[in-house]
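Hello,

Here is the structure I promised to pass on to you. Have a look at it first, and then read on for some notes on its aromatic side chains.

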Amino acid sequence: MAGQKHDLDDKDMDTSSVSPVMSMFEAFRNELDEHQDRRERIIKTSRDITALSKKIIFSLQRVRHLQQPIPSPIAKEINTRYDSITELFTNIAPDLQGINSWRYQKQISGGCQEYVEAISFQHYLETQRLIKHGEAQALIPGGVELTADDYVLGLFDLTGELMRFGITNIATHGVLPRGAATAEGTQGRDILMDLRSIRTSFESLDTSSGLNGWSYLKKDIEKKTDVMRQSVGKVEQAAYGMIIRGRERPKGWVPDLSEGQERGREPVESY
């Protein structure tokens, strides 16, 4: 006897066995949607912080002296951008609390590194010393955590800005930027001395297992170390040319630093 065919519709189905499974997958779907929305918000915020930080750095490159307050027109300009960055960090902070601070660390990392580069550059111009991790963390609002990795990588990028600042001063004033004289009357340190000291410190940095024992800092450090060495080398080359043949250079002379790039080296960021 042929069996009867029944149409299966919602009324005929036993929903008691399906509902728990459907509810579970609906919860998964909602969680994944929230994750994707949160991730996109963080990526956009990181890009906005990066763009504003770069504008701050460009403004600071107009400073011409070390260990002096930032000129008021430049200070007013960068403070407006700092306010915008503060708002961005504050708005994104709820998405970076608890375990999410590590879950989305890669997405916010670029903005944090660029921000460290900006605040460390200003800190160096005003004090002629590197900003400490705790000082940098205090300048990030909203409780967003600054990892040791992002702090160190931001300082690596700082060397490129110091190179640009030093060479610009050599071209416009014919001297290396130098700090104020000490209380004993001896000359202050010049920027090349500081760059060499930074290079020595970074070259002695052990990143074989990451700064925190688990991070993958080594790969980024290897690339940035090469760029950092090029930056220091360019300032050395410009200083040697200024000292040896400085009197023969016309006003506004800019050193030719293309030799290293012709040998296949990567160009230094921001120069």
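There are 4 aromatic pairs in the structure. Please keep in mind that this is a predicted model. Two of the pairs are described below.

Let me begin with Phe-89 and Tyr-115. Their ring centres are 5.5 Å apart and their planes meet at 65°, so this pair is edge-to-face; the angle has to be over 60 degrees for that label. Phe-89 belongs to helix H2 (residues 72-92) and Tyr-115 to helix H4 (residues 105-127), so the contact ties together parts that are 26 residues apart in sequence. Are these two side chains buried or exposed? Phe-89 is buried, with a relative accessible area of 0%, and Tyr-115 also counts as buried, at 4% relative accessibility.

Now for Phe-156 and Phe-202. Here the ring centres lie 3.9 Å apart and the planes are at 15°, so the pair is stacked; planes under 30 degrees apart count that way. This pair links distant parts of the chain, with Phe-156 in helix H6 (residues 148-173) and Phe-202 in helix H7 (residues 191-203), 46 residues apart. Phe-156 is buried, with a relative accessible area of 3%. Phe-202 has a relative accessible area of 11%, so this residue is buried too, given that the cut-off for buried is under 20%.

Conventions. Residues numbered from 1 in each chain as written. Predicted model: local features only at pLDDT ≥ 70, side-chain atom pairs only at ≥ 80, totals over all residues. Heavy atoms only, no water. Phe/Tyr/Trp six-rings, centres within 6.5 Å; stacked < 30°, edge-to-face > 60°. Helix = DSSP H or I, 4+ residues; strand = E, 2+ residues; numbered from the N terminus. Buried < 20%, exposed > 50% of the residue type's maximum accessible area, 1.4 Å probe, protein only.
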